[in-house]
Amino acid sequence: MIKKLAVYCGARPGCNQEYIDMAAAFGDAMVKNHIDLVYGGGRFGLMGTVANHVLDNGGHAYGVITEELYSRNTSLSRLTDLKVTANMDLRKETMMDMADGLVALPGGLGTAEEVIQAASWTGVGDNAKPVAFFNYNHFYDQMYEQFVVMNREGFLEKEYLDAVCFTDSFGEMLDFMNHYQAPTYRQYH
C-alpha cells in the first residue's frame, strides 16, 4: 500500500491556472487517501501548491532539498520535516528511499529527468517501486509515444513499458501502484 508518495513537479506554476488547480486537487486527494507527500521541498510553483494543500488538509509533507537550493531561500518553511542534501543525486536517492511510489505531475526538465531516472532504474534492478506520469491535460502524451517508439525499435522491453503508468486519474494511479509488481531486472545474453 502506498503510504508515502514522491511527487516530482514544476517549481514554476506553468502558464495556465489549470495546473495550479490540478496540483491543489492532487494534494487534496493525497490527504483523502492517507498518503504523505515526499517532494523537493520547494515553496514555489506546483511543488508549493501540492505541499500547502497536503498540509492545509492535515497531511504530512516531507521535503528533500539541496544545500544550493536551500541557500537560495526556496524551501517551504512549514513542512513536517526538511532534509538538506549535498547535491541533486543525493536528493533523488533520498526521495526514492523515503517513498513507496513515484509520480510526475507536469513540470520541466528537472521533473522529466527525475521520473525517467526512477523508471530507468526499474530495468537495472535499482527501483522496485511503481512509477507514474500524471498525464493531466495530455501533458505526457508525447512522452508516452516516445516510450512506445523505444519499445517498437527494440530499446525498451514490453515489461518495462508496462511497468510505467500514464494516467490522468488519481484513482487509476493509486490502483496501479497498490497492485504493482516490479518486473525482473534486465538480463543480457
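Is Phe139 buried, partly exposed or exposed, and what is its relative accessibility? In this predicted model, local features need pLDDT of at least 70 and side-chain atom pairs count only at pLDDT 80 or more, whereas totals for chains, interfaces and linings use all residues. Residues are numbered from 1 along each chain as its sequence is written, and side-chain values use heavy atoms, with hydrogens and water left out. With a relative accessibility of 31%, Phe139 counts as partly exposed, where buried means under 20% relative accessible area, exposed over 50% and partly exposed in between (1.4 Å probe, protein chains only).

The structure holds 11 aromatic pairs, a pair being two rings of Phe, Tyr or Trp (its six-membered ring) with centres within 6.5 Å, and with planes under 30 degrees apart counted as stacked, over 60 as edge-to-face and the rest as tilted. Phe139 and Tyr140 form an edge-to-face pair, at 4.9 Å centre to centre and with 85 degrees between the planes; Tyr140 is buried, with a relative accessible area of 4%. Tyr144 and Phe166 are likewise paired, and because their planes stand at 70 degrees, with ring centres 5.1 Å apart, this pair is edge-to-face. Tyr144 lies in helix 6 (residues 141-152) and Phe166 in strand 7 (residues 164-167), so the pair ties together parts that are 22 residues apart in sequence; helices (H or I, at least four residues) and strands (E, at least two) are DSSP runs numbered from the N terminus. Tyr144 is partly exposed, at 34% relative accessibility. One aromatic cluster is formed by Tyr19, Phe133, Tyr136, Phe139, Tyr140, Tyr144, Phe147 and Phe166.

Just after helix 6, Gly154 takes a positive phi of about 85 degrees.
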